[in-house]
Amino acid sequence: MKIVAVNKSAAFEYFIEEKYEAGIVLEGSEVKSLRKSNCSLSDSFCFVRKGEVTLKNMHIAVYDKSGAFNTRDARRDRKLLLHKSEISKIVGKVNEKGYTLVPLKVYFSGSLVKVEVALCRGKHTYDKKQALKEKDLRREADRRIKEAI
């Protein structure tokens with residue numbers, strides 16, 4: 001499994017409730033660009049419309065060796081492939097207040113491109129401050145352990 005891109009801000013901004021593995025509909029030049037790790041998940045999100053899950057605002061750079069006819073928008077909407085039962089669970093949760101669907105990472109599973117999406121609940125500012133405080137305490141404890149050894 002080769003990880004192409006990770007959404008680092010998602011763990012800081014949201015409480016992650018459930019994770020799902022989804023396929024993604026891509027073109028050949030986009031897959032080649034992903035193999036070179038030319039992808040960014042920052043500011044990307046998912047939404048459900050008409051029973052289909054769509055990934056919006058994910059940037060895949062245009063493959064430099066593709067022909068002039070294969071150039072498409074780098075931030076176009078891309079369809080995610082999930083089972084109907086998973087989509088119905090997601091729709092039920094997203095309709096509740098405070099839940100959203102966020103992509104966590106893009107990776108290759110064999111020759112297939114997969115996207116890990118998570119059902120998340122937003123954090124408040126005091127939750128974020130608490131997470132930063134815990135991170136600093138952990139870092140300080142690791143430093144002291146390293147100095148003791």
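**Salt bridges and their surroundings**

Modeller: In this predicted model, lysine 56 and aspartate 77 join through their side chains in a salt bridge, at 3.3 Å from N to O. Lysine 56 belongs to strand S5 (residues 52-56) and aspartate 77 to the loop between S6 and S7, so the pair ties together parts that are 21 residues apart in sequence.

Biologist: Is lysine 56 buried, exposed or partly exposed?
Modeller: Lysine 56 counts as partly exposed, because its relative accessibility is 31%. Aspartate 77 is partly exposed too, with a relative accessible area of 36%.

Biologist: What does the side chain of arginine 76 meet in a salt bridge?
Modeller: The partner is the side chain of glutamate 30, at 2.8 Å from N to O. Glutamate 30 sits in helix H2 (residues 28-35) and arginine 76 in the loop between S6 and S7, so this pair ties together parts that are 46 residues apart in sequence. Both residues are buried.

Biologist: Which residues are linked with Arg76 in a network of salt bridges?
Modeller: Glu30 and Arg78 are linked with Arg76 in that network.

Biologist: How many salt bridges does the count come to?
Modeller: The count is nine. One of them joins glutamate 13 and lysine 128, whose closest N and O atoms are 2.8 Å apart. Glutamate 13 lies in helix H1 and lysine 128 in helix H4 (residues 125-148), so parts 115 residues apart in sequence are tied together.

Biologist: Changing topic, where is confidence lowest, and where is it highest?
Modeller: Helix H1 (residues 8-13) has the lowest, at a mean pLDDT of 81, and S7 the highest, at 91. The protein averages 86.

Conventions
Residues numbered from 1 in each chain as written. Predicted model: local features only at pLDDT ≥ 70, side-chain atom pairs only at ≥ 80, totals over all residues. Heavy atoms only, no water. pLDDT = per-residue confidence, 0-100. Helix = DSSP H or I, 4+ residues; strand = E, 2+ residues; numbered from the N terminus. Salt bridge = Lys/Arg side-chain N within 4 Å of Asp/Glu carboxyl O. Buried < 20%, exposed > 50% of the residue type's maximum accessible area, 1.4 Å probe, protein only.
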